[in-house]
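This report describes selected local features of the structure shown below, moving from a single side-chain contact to the arrangement of strands and helices.

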Amino acid sequence: VLFRSPLRAWRRPALVVVAWPMLLAGVIVQIQQSQASGGPQLAFTAHDAQYPREAAVYLRELGGGWRMFNEYHWGGYLIDRVPELPVFIDGRADVHGDSLIDTYVRVKRLLPGWRDVLDEYGIDLILTEKDKPFDAALAAELGWEPVLTGAVERIYVRRQPQPGSGA
């Protein structure tokens, strides 16, 4: 009966005395439960299954001092999980500008000069999605060695030239 009534029925004195305090009590209970559980969950929580979780653990143990090339869409995750290791790029396109994004795309799409970019930036560690074209290209490169394969990722490190190899 109450829900079939027009909106003006909600302003009747009996409803104001009964329904509105009940609604207010429900809101208060929700706020208290939210505070007890550490506050409201307003932020987006990414599922670890789509991020390089195993690589993050490995990189934390490895420590800093590496120059890493990483996936664009994993940059923010890496900043959060491995803050001591600077990322090559992350999702803040407005901060990086077109030049760095173009450079990133050249490497990821294996465009002419992609190896030169890695040399120019002194990249000695690459974190990439496994089983993708860039991963396959690195696996075929003599200068890169896979050191970790995770659920969605693979890490390569630059091989040091062998003594007497002329490199």
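## A polar contact in a loop

The side chains of Asp 90 and Arg 92 are joined by a polar contact of 2.8 Å, a term that denotes a pair of N or O atoms within 3.5 Å, where within protein one must be able to donate a hydrogen and the other to accept it, and where residues adjacent in sequence count only if both atoms are side-chain atoms. Asp 90 belongs to the loop between α3 (75-81) and α4 (93-108), and Asp 90 counts as buried because its relative accessibility is 2%. Buried means under 20% relative accessible area, exposed over 50%, and partly exposed in between, with a 1.4 Å probe and protein chains only.

The model is predicted, so local features need pLDDT of at least 70 and side-chain atom pairs count only at pLDDT 80 or more, while totals for chains, interfaces and linings use all residues. Residues are numbered from 1 along each chain as its sequence is written, and side-chain values use heavy atoms, with hydrogens and water left out.

## The sheet

Helices (H or I, at least four residues) and strands (E, at least two) are DSSP runs numbered from the N terminus, and two strands pair if DSSP finds at least two bridges between them. Strand β2 (residues 125-129) pairs with strand β4 (residues 153-158) in the antiparallel sense over 5 bridges, and Leu 125 stands opposite Val 157 in β4.

## Phe 69 in strand β1

Phe 69 lies in strand β1 and, at 1% relative accessibility, counts as buried. Beyond its neighbours within four places in sequence, Phe 69 is in contact with residues including Phe 88, Tyr 104, Leu 125 and Phe 134, contact meaning heavy atoms within 4.5 Å. The C-alpha atoms of Phe 69 and Phe 88 are separated by 5.1 Å, although these residues are 19 residues apart along the chain.

## Helix α6

The buried residues of α6 are Phe 134, Asp 135, Ala 137 and Leu 138. Seen down the axis of α6, these buried residues fall within an arc of 160 degrees, so they line one face of the helix, the arc being that of the directions from the helix axis to the C-beta atoms. The exposed residues Pro 133, Ala 139 and Ala 140 are carried on the face of α6 turned away from its buried side.
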